[in-house]
Amino acid sequence: MKPFTSLSSPAVPLSLANVDTDQLIPARFMKRPRSEGYGGFLLHDLRRGGAGDTSAAVLDEPRFAGAACLVARRNFGCGSSREAAVYALADFGFRCIVAPSFGDIFASNAVKNGLVPARVAEEDVERLLQNESLLAGHPVVIDLAEQVIRAGNEVVAFDIDIGWKARLLNGWDDIELTRAKCREIDAFRARDLIERPWAAPSNNRPD
Amino acid sequence: MKPAGPRTLIDKIWDTHAITGHDEAETLLWVDRHLLHEGSFHAFNQIAAREATVAHPELTFGIADHYVPTRDRESPDLDPQIRGMIRQLDDNTQRHGIRQFGLGDARQGIVHVAIPEQGLTLPGLVMVCGDSHTSTHGAFGAYAFGIGASEVAHVLATQTIWQKKPRRMRIRVDGELGPGVTAKDIALTLISRIGADGAQGHAIEYAGSAIRALSMEGRMTLCNMSIEGGGRLGLIAPDETTFAWLEGRPFAPQGAQFAAAVEDWRGLVSDSDAAFDREIVIAGAEIAPTVTWGTSPEHALPIGEAVPDPDAIADADRAASVREALAYMGLQPKMKLTEIRIDQVFIGSCTNSRIEDLRAAARILDGRRAIVPGLVSPGSANVKRQAEQEGLDRIFQAAGLSWEDSGCSMCVGMNGDIVPPGHRCASTTNRNFRGRQGPGSRTHIMSPAMVAAAAVTGHLTDMRALLPEASR
Ligand code: SF4
């Protein structure tokens, strides 16, 4: 995974709350292989007004072209665990989502894909959504080490779990990280098989 | 790792599975059961890309549910993309020696219905699946949660998962539930009070006399919807109800082993003086049959009430979001919920498709006719067989509903069972998100008996009015 240190790019103000992963990528696009790219499906129905609703059309405004940051309201990425929601955001070009709160599974999926889920106080998100420089499409700066967002004259602090921050800054690969713990895993397993003999699926009944 | 001091059930299972790491950052947990469905192809591709093997295929189980057709399964006209999704799961599980309950298997069904039936869900286990409703398995006192594709790849490769320790929340429901009030109504009432992100960052333990009185089916419905309240997972301490349900199930411990397991499982309770980060208490008697009116599960109200009026909401953002939800749903402010007319019904999904759910719906439909079309998709092939033995299929069909095979079906519309644009569906599912049941679809979620009542009258209806006099 590519390490994340900081970025400077326009930020898209998406003033919606409870954006669920079904909106981020509708289920009907999920049969496709990732290699085809998922960016075109991002917020598909809210960008194109499938049901008369164009509340995400802001993504396509020219002044936000090349944006790597998205600002949204509370509970972003709630619902289904589909990692395809993160693929759609990443393939569209986003590397950081700023919101007051995130769906738990979504935030974890984001980190695994190098996308920063930056938690910002609700009033600060409101300030960012009103920020003139941001709204004009001028770059905002996200500094992960310092945990701050700079938009025009505004400086806003953000929260992120320390374990996630370390992973993102270093671009660690989880599977490699875990494999380095194989001695601890083996020791755990040896003890656990004795302590919880019932935990294995019973094989008394063949198919 | 057994720290001193009182512990909650959540802490106890966590401690038993912690391999290494720090609670403040992330801990590596052992995974006892890993469940896969067709959507796991991304994870298998990641595994293939790094030429990794599956660490513990004997703890991994595959099941086809999200894309399976609910009718004409053998048809040659099956959408090739859908057929491809099912075949990919067959191939991937076969390649890695993973047991799978595929399309033609007598044990096939929705993962969160069929896996417990097999006795694969047990108290005290850590269970994961690339599906947010994995919390369902918490009904047995398992620590079960949904994960994303990269985490699925990680579990395949290592049988472990990195987790930040969640905060602990206890939700107590005390007293008795009124007639016709179900676990679904508990879940919707709770979510409407705490919000769709009310339990974010928390693992939930459900407790109290009304929870103890629930059947295993009811407990699964409740734990299932923990995610709709934002919870990482939800669980219930195992008790005699749990043990009786599990005994004799194919993959559960057998005979003397089962007895020994039960002895261990009895310790899976929160210590009486254990502290929770948050506690919520609801009186069972306050809960009424509940329905959703909007586009988030928190948009739920007792059936006797009316659609909210955005003009009466002081907070401008909240008023705007209610206005948007009503526009999408095609509803007028202040109209009575019982005035909402529906176009079709769906009874199914991992929330409400178990035998008890079908019985509750059939009880309302018996001797009546649905005036709108509808689909009933039992939660598993086993549920289907049992329902047919009880004659429930005949009640559904006599009422005019179609009785089909098991799968996720119209809960998510991936298999082609969708609600057409602009149509309104009374549904036993768990998500009323925009377009969840198909582009432009409008979903109202409620219990199976409430869906049956709506089918009979053609509008949202208090099912209690359709109960036999004696049981009201
Ligand atoms: S029935 Fe619906 S909620 Fe349950 S696993 Fe299937 S798609 Fe997910």
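A salt bridge is taken here as a side-chain nitrogen of Lys or Arg within 4 Å of a carboxyl oxygen of Asp or Glu. In this predicted model, D32(B) and R196(A) form such a pair, with the closest N and O atoms 2.7 Å apart. The rule finds 9 salt bridges across the interface of chain B and chain A. Helix α5 (residues 149-158) of chain B supplies 7 residues, the largest share of the side of chain B that touches chain A.

The contact involves 65 residues from chain A and 80 residues from chain B. About 5,600 Å² is buried between the two chains, and carbon and sulfur atoms give 52% of this area. Polar contacts across the interface amount to 30 residue pairs, both residues being at pLDDT 80 or more.

In chain B, an open sheet is formed by 3 strands in the order β1-β2-β8, with antiparallel pairing. Strands β1 (18-21) and β8 (160-163) of chain B lie at the edges, each pairing on one side only. From one strand to the next, the twist averages 25 degrees. The antiparallel pairing of β2 (residues 27-30) of chain B with β8(B) extends over 4 bridges, and L28(B) is placed opposite W162(B) of β8(B).

Strand β8 of chain B also takes part in covering a helix of chain A, α7(A), whose buried residues are covered by elements including α4 (104-112), β5 (116-119) and α8 (174-179) of chain A. Within α7 (residues 162-170) of chain A, the buried residues include G163(A), W164(A), K165(A), R167(A) and L168(A). After α7(A) comes G171(A), which has a positive phi near 65 degrees.

Methods:
Residues are numbered from 1 along each chain as its sequence is written. Chains are lettered from A and ligands numbered from 1 in the order in which they are written. This is a predicted model: local features need pLDDT of at least 70, side-chain atom pairs count only at pLDDT 80 or more; totals for chains, interfaces and linings use all residues. Side-chain values use heavy atoms; hydrogens and water are left out. Two strands pair if DSSP finds at least two bridges between them. Helices (H or I, at least four residues) and strands (E, at least two) are DSSP runs, numbered from the N terminus. Axes are lines fitted to C-alpha atoms, for helices over the stretch in contact, and angles run from 0 to 180 degrees between N-to-C directions. Buried means under 20% relative accessible area, exposed over 50%, partly exposed in between (1.4 Å probe, protein chains only). Contact means heavy atoms within 4.5 Å. Buried area is the accessible area (1.4 Å probe) that two parts lose on being put together, summed over both. A polar contact is a pair of N or O atoms within 3.5 Å; within protein, one must be able to donate a hydrogen and the other to accept it, and residues adjacent in sequence count only if both atoms are side-chain atoms.
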